[in-house]
Amino acid sequence: MNWFKNNPFISLLIGVIFSCALVFVLGVAEQEESHNEIFIKDGDTLWTLSDKYRGNTPKQDWISEVMLANNLNTQMIHSGDSLVIPNSLDQYAPDQGVEYAGDSE
């Protein structure tokens, strides 16, 4: 304990390094959860999948984002493979409507 009192700069440096490491680990864990994975079935194309998953995102924008997230050079996908869909595309999810409390007439 005496060593920490005699070396406040090193103690502070150790604290800062620990804090940065903690922020980094939490950031990586959050980043890993920032996507959804779907599995491709026979007959699936990026165009048909966009109809199912794109919400209000324009079709070509959705396809471009999915291609970028999956490092695809073409729009060709194969049955049995999986695709990562970034959660950033969830912002365009269709509005399910708003329900208000009160009497219904």
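Tutor: One term to begin: helices (H or I, at least four residues) and strands (E, at least two) are DSSP runs, numbered from the N terminus. This is a predicted model, where local features need pLDDT of at least 70, side-chain atom pairs count only at pLDDT 80 or more, and totals for chains, interfaces and linings use all residues. Residues are numbered from 1 along each chain as its sequence is written, and side-chain values use heavy atoms, with hydrogens and water left out.

Student: Okay. Where does Asn70 lie?
Tutor: In the loop between helix H4 (59–69) and strand E2 (82–86).

Student: Is Asn70 buried or exposed?
Tutor: Buried, because its relative accessible area is 18%. Buried means under 20% relative accessible area, exposed over 50%, partly exposed in between (1.4 Å probe, protein chains only).

Student: Which residues is Asn70 in contact with, leaving aside neighbours within four places in sequence?
Tutor: Ser82, Leu83 and Val84. Contact means heavy atoms within 4.5 Å. The Asn70 side chain also reaches the backbone nitrogen of Val84, at 2.8 Å.

Student: And what follows H4?
Tutor: Asn71, with a positive phi near 55°.

Student: Back to H4 itself. Which of its residues are buried?
Tutor: Trp62, Ile63, Val66 and Met67. These residues sit on the same side of H4, because they cover an arc of only 130° around the axis. That arc is taken from the directions from the helix axis to the C-beta atoms.

Student: What do those buried residues pack against?
Tutor: Helix H3 (46–53) and E2.

Student: New topic: the whole chain. How many helices and strands are there?
Tutor: Four helices and two strands. Along the sequence the pattern is α-α-β-α-α-β.

Student: How many of its residues count as buried?
Tutor: 15% of the 105 residues.

Student: Which residues make the nonpolar surface patch?
Tutor: Phe9, Ile10, Leu13, Ile14 and Ile17 make one of about 490 Å². Patch residues have over 30% relative accessible area and no salt bridge, and nonpolar side chains are joined within 5 Å, like charges within 9 Å. A salt bridge is a side-chain nitrogen of Lys or Arg within 4 Å of a carboxyl oxygen of Asp or Glu.

Student: Where is Leu13 found?
Tutor: In helix H2 (residues 8–32). Leu13 counts as partly exposed, because its relative accessibility is 41%.

Methods:
A polar contact is a pair of N or O atoms within 3.5 Å; within protein, one must be able to donate a hydrogen and the other to accept it, and residues adjacent in sequence count only if both atoms are side-chain atoms. Accessible areas come from the Shrake-Rupley method with a 1.4 Å probe; for residues, only the protein chains shown count as cover.
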